[in-house]
Amino acid sequence: MDIIDAVRARKSIRGYKPAPVPKEVLKEILDIASRSPSAMNTQPWDVTVVTGEVLDNIRQANIELLTSGVRPSPEVPFHRPEGIYRQRQVDIAIQLFQLMGIAREDKEKRAEWEQRGYRFFDAPVAIILSVDRSLEELKAMMDIGTFVQTVCLIALKYGLGTCIEDQGIMFPEVVRKFTHIPESKLIAISIAIGYPDWDFPANKVESKRETVENFVTWCGFD
Ligand SMILES: Cc1cc2nc3c(=O)[nH]c(=O)nc-3n(C[C@H](O)[C@H](O)[C@H](O)COP(=O)(O)O)c2cc1C
């Protein structure tokens with residue numbers, strides 16, 4: 001697959017087939033992704049790959065906490081975006097809700113949709129990225145970003161879909177309990193990965209982007 005085709009084809013997949021992903025395939029993807037650049041070649045990504053009963057335990061414990069009203073406490077702080085950023089967040093939510101047939105006032109379906117995220121969209125595998133707390137956090141997050149995007153692009157070559165996600169790791173205590181990621185590592189982000197169910201309505205989403213004119217400032221060209 002051509003690199004530009006891959007970048008254009010990648011999209012967040014929120015519905016998966018139950019088929020397992022072979023460990024060898026995941027290993028190959030992660031091996032190639034280890035070529036991702038990082039500041040001073042620090043390679044700060046610690047990768048925990050979770051499937052089977054362990055992943056089911058995490059899903060179940062996430063849902064128990066979420067539905068009992070426990071406040072999520074992600075280790076990479078998250079606050080509601082404002083202005084144009086909030087607008088874009090709302091836009092993608094509207095697109096997804098329309099595809100899923102979720103009405104704005106339908107609290108039950110909205111709650112079920114939220115829970116799906118906390119269940120890693122029922123993907124057969126979740127990849128959890130953590131970084132050593134001794135590292136400078138902002139810089140390490142940039143490096144994690146290069147790694148995560150590379151994983152998502154390579155996955156396409158193997159017929160796999162991905163969704164980078166915060167929701168699955170919103171309760172880090174749950175992830176730690178079942179994966180034994182030590183406290184010395186900050187749990188940064190996760191990726192749901194598996195074979196896409198193309199009949200799942202939300203997978204038809206085409207997220208929007210600003211045009212280059214709207215986000216680029218050219219200096220010294222004229
Ligand atoms: C750091 C990060 C966190 C994300 N967290 C979530 C999440 O918790 N739930 C979700 O449904 N999508 C999540 N996404 C996916 C974004 O919503 C998605 O990338 C964006 O809407 C653009 O759509 P696309 O990936 O289909 O191009 C996340 C993406 C990134 C990069």
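Me: Is R116 buried or exposed in this predicted model?
Reply: The model is a predicted one. R116 takes part in a salt bridge with D122. The cut-off for buried is under 20% relative accessible area. R116 falls under that cut-off because its relative accessible area is 11%, so R116 is buried.

Me: How far apart are the closest N and O atoms of R116 and D122?
Reply: D122 counts as partly exposed, at 30% relative accessibility. A salt bridge needs a side-chain nitrogen of Lys or Arg within 4 Å of a carboxyl oxygen of Asp or Glu. R116 and D122 meet that condition, with their closest N and O atoms at 3.8 Å.

Me: How many residues apart in sequence are the parts tied together by K185 and D132?
Reply: The side chains of K185 and D132 meet in a salt bridge, N to O at 3.1 Å. K185 lies in strand β4 (residues 185-194) and D132 in strand β2 (residues 125-132), so the parts that the pair ties together are separated in sequence by 53 residues.

Me: Which elements hold E75 and R176?
Reply: E75 forms a salt bridge with R176, and the closest N and O atoms are 2.7 Å apart. The two residues belong to parts that are 101 residues apart in sequence, which the pair ties together. E75 is in the loop between α3 and α4 (83-100), and R176 is in helix α7 (residues 172-179).

Me: Which residues are linked with E75 and R176 in a network of salt bridges?
Reply: The structure holds 12 salt bridges. Both E75 and R176 are buried. The network that links E75 and R176 also contains R133 and E183.

Me: Which backbone oxygen does the side chain of N62 reach?
Reply: N62 lies in helix α3. N62 counts as buried because its relative accessibility is 0%. At 3.0 Å, its side chain reaches the backbone oxygen of G168.

Me: How far apart in space are E64 and Q115, C-alpha to C-alpha?
Reply: E64 lies in helix α3, which covers residues 52-67. E64 is partly exposed, with a relative accessible area of 47%. In sequence, E64 and Q115 are 51 residues apart, and in space their C-alpha atoms are separated by 10.0 Å.

Me: Which residues of the shell are closest to the ligand?
Reply: The ligand is surrounded by 14 residues. By class, the shell holds 5 nonpolar, 3 polar and 6 charged residues. The closest are S12, R14, Q167, S207 and R209.

Me: What is phi of M40, and what is phi of Q43?
Reply: Most residues other than glycine have a negative phi. M40 and Q43 are both in the loop between α2 and β1. M40 is exposed, at 76% relative accessible area, while Q43 is partly exposed, at 39%. Both have positive values: phi is near 55 degrees for M40 and near 45 degrees for Q43.

Me: What accessible area do V212, F215, W218 and F221 have together?
Reply: W218 is found in the segment after α8 (212-215). W218 counts as exposed because its relative accessibility is 57%. With V212, F215 and F221, W218 forms a nonpolar patch on the surface, and their accessible area together is about 520 Å².

Definitions and conventions. Residues are numbered from 1 along each chain as its sequence is written. This is a predicted model: local features need pLDDT of at least 70, side-chain atom pairs count only at pLDDT 80 or more; totals for chains, interfaces and linings use all residues. Side-chain values use heavy atoms; hydrogens and water are left out. Helices (H or I, at least four residues) and strands (E, at least two) are DSSP runs, numbered from the N terminus. Buried means under 20% relative accessible area, exposed over 50%, partly exposed in between (1.4 Å probe, protein chains only). A residue is near a molecule or strand if one of its heavy atoms lies within 4 Å of it. Ala, Val, Leu, Ile, Met, Phe, Trp, Tyr, Cys and Pro count as nonpolar, Asp, Glu, Lys and Arg as charged, and the others, Gly among them, as polar. Patches are made of residues with over 30% relative accessible area and no salt bridge: like charges are joined within 9 Å, nonpolar side chains (Val, Leu, Ile, Met, Phe, Trp, Tyr) within 5 Å. Accessible areas come from the Shrake-Rupley method with a 1.4 Å probe; for residues, only the protein chains shown count as cover. A polar contact is a pair of N or O atoms within 3.5 Å; within protein, one must be able to donate a hydrogen and the other to accept it, and residues adjacent in sequence count only if both atoms are side-chain atoms.
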